[in-house]
Amino acid sequence: MTEVELDSDAVGLALADGVATVTLDAPAVRNALTVEVTAGVREALDSLPDEARCVVLRGSDEAGAFCAGGDVNAMLELQADAMTLPEAVDHVVRDTADCVRRVYECDLPTVAAIDGPAVGAGGALAIACDLQLLREDASIGFGFRRVGLAVDSGLSYLLPRLVGRNVAMELVYTGEKLGPERALELGVVNRVAGEDEFESELAALTERIAGGPTKALTASNRLLRRPDDSIEAAIEHEASAQAVMFETDDHAEGVESFMSRREPAFEGK
């Protein structure tokens, strides 16, 4: 594994076999989305090596959480008049949401390795990824109500599109903390793995993604993010994407391997 040097002390970036791992590493705040953490995530996404073909977002072991939510310390500063209301809105709302948006808009396939609680804004960060793997002793929830706030961090956009309006309303109204069975039942996560199998399950999933036709997966990523298109518009967008894919090396390899009845050896080109 190759470590990529970042200015941030709160986020790490490493690359191994085409998988770029972005690790939230702020144990003192359980990886809450402070200014330092959000800046670190953005820096990591801007610093992805050219060899990266898949991105994993996870928490450090020391933090004991995937992400504990928004910056509660900043909220306390607002209550103590140590921060102005415009400053709080810019940091607690807009800055945090921008971090989540950057993850959502990442062109490469993204996987949230939820290895501890993902709460509030941390839950939004998790579902901003394309896929979610939840460790069976972890949980995810969207309990903004716990601190007397409306949803933010892009959750009003992300959650209804993931689980539907009615379920999204229930999860927000109740602040329910979702364990593995419930999260899987509602479609909030894709997979659940036991503590002993979590790392091997993650490795198998990311190996499968990173070994795929990266340009085609990236194009599919963009196409699947257009849920408001009409069927006619969707078909035109697909046609434009395939015009590009037809000229890629991976497409040629895919067709050749299919005809030869062997597994393709995609190179992401």
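Helix 9 (residues 214-224) and helix 10 (residues 231-245) pack with their axes 10 Å apart, at an angle of about 170°. Here axes are lines fitted to C-alpha atoms, for helices over the stretch in contact, and angles run from 0 to 180 degrees between N-to-C directions. Helix 9 and helix 10 are therefore roughly antiparallel to each other. For reference, angles over 145 degrees count as roughly antiparallel, under 35 as roughly parallel, 65 to 115 as roughly perpendicular, and the rest as oblique. Helices (H or I, at least four residues) and strands (E, at least two) are DSSP runs, numbered from the N terminus.

A word on the model itself: it is predicted, so local features need pLDDT of at least 70 and side-chain atom pairs count only at pLDDT 80 or more, while totals for chains, interfaces and linings use all residues. Residues are numbered from 1 along each chain as its sequence is written, and side-chain values use heavy atoms, with hydrogens and water left out.

Now back to the pair. From helix 9, Lys215, Ala216, Ala219 and Leu223 meet His237, Glu238, Ala241 and Met245 of helix 10, where contact means heavy atoms within 4.5 Å. The residues of this contact divide into five nonpolar, one polar and two charged. In this scheme Ala, Val, Leu, Ile, Met, Phe, Trp, Tyr, Cys and Pro count as nonpolar, Asp, Glu, Lys and Arg as charged, and the others, Gly among them, as polar.

Helix 9 has another neighbour to look at: the buried residues of helix 11 pack against helix 9. Those buried residues of helix 11 (residues 249-259) are Asp250, Glu253 and Ser257. Seen down the axis of helix 11, they fall within an arc of 60°, so they line one face of the helix; the arc is that of the directions from the helix axis to the C-beta atoms. On the other side of helix 11, Phe258 and Met259 are exposed. Buried means under 20% relative accessible area, exposed over 50%, and partly exposed in between, using a 1.4 Å probe and protein chains only. Helix 11 is followed by Arg261, with a positive phi near 55°.

Next, turn to helix 4 (residues 121-128) and helix 5 (residues 155-163), whose axes come within 10 Å and cross at roughly 55°. Helix 4 and helix 5 are therefore oblique to each other. Ala124, Ile127 and Ala128 in helix 4 meet Leu155, Leu158, Leu159 and Leu162 in helix 5. The residues of this contact divide into seven nonpolar, no polar and no charged.

Val151 counts as partly exposed, at 28% relative accessibility. Leaving aside residues up to four places away in sequence, Val151 touches Phe144, Ser156 and Val172. Ser153 sits in the loop between strand 8 and helix 5; Ser153 is not a glycine, yet has a positive phi of about 60°. At 2% relative accessibility, Ser153 counts as buried.

Finally, visit the loop between strand 3 (19-24) and helix 1 (35-46), which holds Val29. Val29 is partly exposed, with a relative accessible area of 26%. Val29 and Ala68 are 39 residues apart in sequence and 7.5 Å apart in space, C-alpha to C-alpha. Asn31 is in the loop between strand 3 and helix 1, and its phi is positive, near 65°. At 0% relative accessibility, Asn31 counts as buried.
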